[in-house]
Amino acid sequence: MQNNKRLIDQTAEWKALERHWQSLSGTRMRDLFARDPVRCERYSLSACGIDLDYSKNLVDQEAMKRLMALARAADLSRWGDALIGGEKVNSTEGRAVLHMALRNLGYREYRHEGRDVMPGIRSVLSRMRAFSDDVRAGRWLGYTGQRIRDVVSIGIGGSSLGPRMVCEALRPYQDPGLRVHFVSNIDGAHLGRTLEDLDPASTLFVIASKTFTTQDTLTNAVSARRWLLDAMGNEAAVARHFVAVSTNAEEVQAFGIDADNMFEFWEWVGGRYSLWSSIGLPIALAVGMERFEELLLGAHDMDEHFVREPPETNMPIILALLGIWYLNFGGCDSCAVVPYDQYLEHFPAFLQQLDMESNGKRVTRDGVPVTYQTGPVIWGQVGTDAQHSFFQLLHQGTRLIPVDFILPLCSHHPLPGHHEKLVANCFAQAQALMRGRTEAEARAEMEQLGLDEARIRELLPHRVFPGNRPSNMLVFDRLTPRVLGSLIALYEHKVFVQGVIWGVDSFDQWGVELGKQLAGHILRNFEEIACTPGVDCSTASLVRRYHLADCNGED
Ligand code: F6P
């Protein structure tokens, strides 16, 4: 696929959007609603069980039309075809990007270097089914004949965040007899604390690493093996308690895991797009293979929507363009994601890697420095907790930060009086961000409270909310595996669309390499590291400080 050498901000479509943002500068969303009785219908759409209301955005029809034109100027549909066609859209790593094939439960053909990838995918899925069924039914036993009660998935980044987020999101579907834990941090506290309550005889480890060379994961895996062998006293136990998920059979075997206990995937699956592959094995263990397949089906539904629907009614494209509108024309630099669902607790962290590792890039695919902002800072927390931490800044701070609200309309825990309050709070926050509180409204409120004029004047600036703060509202009936699959795929495609518009390679991650290399260098030279031309004095002095620490002393 030929790259487009022209930077997107040099196009007439970009310049028209700059002008249009300026022309909307005095516009208030309150007035847009007042002037247009069908604004909500005009800026709402449904796909795959998800309803998106994007009417509380600072857009008019002209803005949406011009944003669509920008997507066309970036050759979006050609890049979409290249993605599905198995072209090497990850050009800096020379790789195709075919995660959509992993959830291809339809007729679509996916080829990699001329070969149909579907038979390989189906064969791994059927091995995952057999294995997860055996573990869940108590047919797969530990070395001493005990049933598996705990699964510990060891992996990091894309080999952990997706499955961890999904397992938590689908907790209501989990079998209480099999607990699934995730260990990612190289900090011994993570593994140590997790293993504290577990019995080696009934614990299964899933070592998940695309490369099987990641220091964090291998360090944890080695310690986990030692913990098991200390209890079992026989190497043969490893075969009953360790399985691997990887693309690197050689390293898996070198670690001591039998090829029979390895679930493969492929280099054309990016780490942060891999939960749909055998990296999703902990999900299948937690909720069963049928539900894992429902998750795939939901993602497939969204793929079909993304591929078939015209841009004007295409949910991922609309979300991507709204993000670009604020980031590149409105001067925003971050986006908050606030799920009003405790089970989506890990969703913001998952999105951070998906979005920031994909589009946190400073040069285009051709290596030309960009002259505009790319990937935003993604952050968030579940509501209502978020309301009592950072919402103050969203309402009255100096920054413009668009928010995505995500809300299931039905709860898995219908405790009397809870869910309607959760729903009311979510809707109220979006409403407050949009409408704010005018001086007149603030004054009237204080007069009603009986405050005197002097106090009213004093408090007025504090009690006025500027409003006009944008948000998207994503709602669905219930957080089922299928809806969750669609929701994740929605954000994957959004990130892809934004990457295409910015002209960056959304599928590499060179930025995380340097830290890994330097950590290796510090470790190798821990004893004699000194202030030299290659090592800055701050780092050398910190290492000396580390050596001086009294780690064996009393508290
Ligand atoms: O953080 C960098 C990264 O390469 C991620 O992209 C990836 O998801 C993670 O490390 C883990 O890599 P692996 O699955 O190879 O252990």
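Trainee: Where is the place of Leu 275?

Mentor: Before the answer, some ground rules. This is a predicted model, where local features need pLDDT of at least 70, side-chain atom pairs count only at pLDDT 80 or more, and totals for chains, interfaces and linings use all residues. Residues are numbered from 1 along each chain as its sequence is written, and side-chain values use heavy atoms, with hydrogens and water left out. Now the elements: helices (H or I, at least four residues) and strands (E, at least two) are DSSP runs, numbered from the N terminus. Leu 275 sits in the loop between S9 and H13.

Trainee: Is Leu 275 buried or exposed?

Mentor: We judge that by relative accessible area: buried means under 20%, exposed over 50%, and partly exposed in between (1.4 Å probe, protein chains only). Leu 275 is buried because its relative accessibility is 2%.

Trainee: Which loop holds Arg 272?

Mentor: Arg 272 is in the loop between strand S9 (262-264) and helix H13 (281-287). With 4% relative accessibility, Arg 272 counts as buried.

Trainee: Which side chain is joined to that of Arg 272 by a polar contact of 2.9 Å?

Mentor: First, the term. A polar contact is a pair of N or O atoms within 3.5 Å; within protein, one must be able to donate a hydrogen and the other to accept it, and residues adjacent in sequence count only if both atoms are side-chain atoms. Here the partner at 2.9 Å is the side chain of Glu 357. The side chain of Arg 272 also makes a polar contact with that of Gln 509, at 2.7 Å.

Trainee: How many residues surround the ligand?

Mentor: For this we count a residue as near a molecule or strand if one of its heavy atoms lies within 4 Å of it. There are 14 residues around the ligand, and the closest are Ser 159, Ser 209, Thr 211, Thr 214 and Glu 357.

Trainee: How many residues of each class are in the shell around the ligand?

Mentor: The classes work like this: Ala, Val, Leu, Ile, Met, Phe, Trp, Tyr, Cys and Pro count as nonpolar, Asp, Glu, Lys and Arg as charged, and the others, Gly among them, as polar. In this shell, two residues are nonpolar, nine are polar and three are charged.

Trainee: Which residue has a polar backbone atom 2.7 Å from an oxygen atom of the ligand?

Mentor: That is Gly 158. Side chains take part too: a polar side-chain atom of Ser 209 is 2.6 Å from a ligand oxygen atom, and for Thr 211 the distance from a polar side-chain atom to a ligand oxygen atom is 2.6 Å. The protein covers 88% of the 390 Å² of accessible area that the ligand has on its own; such areas come from the Shrake-Rupley method with a 1.4 Å probe, and for residues only the protein chains shown count as cover.

Trainee: Now for backbone angles. What is phi of Phe 212 near?

Mentor: Phi of Phe 212 is near 55°, which is a positive value in a residue other than glycine. Phe 212 lies in the loop between strand S7 (203-208) and helix H10 (215-232), and at 1% relative accessibility it counts as buried.

Trainee: And what is the phi of Asp 75?

Mentor: Asp 75 has a positive phi of about 60°, although it is not a glycine. Its place is in the loop between helix H4 (61-73) and helix H5 (76-84). Asp 75 has a relative accessible area of 26%, so it is partly exposed.

Trainee: Which peptide bond is cis?

Mentor: The bond from Gly 383 to Thr 384 is cis, with omega near 10°. Thr 384 is in the loop between S11 and H17.

Trainee: Where does Gln 387 lie?

Mentor: Gln 387 lies in the loop between strand S11 (377-380) and helix H17 (391-396). With a relative accessible area of 16%, Gln 387 is buried. Its side chain makes a polar contact with the side chain of Tyr 340 at 2.6 Å, and another of 3.1 Å joins it to the side chain of Asn 425.

Trainee: Last one: how many residues apart in sequence are Ser 153 and Val 183?

Mentor: They are 30 residues apart in sequence and 6.2 Å apart in space, C-alpha to C-alpha. Ser 153 is found in strand S5 (residues 150-154).
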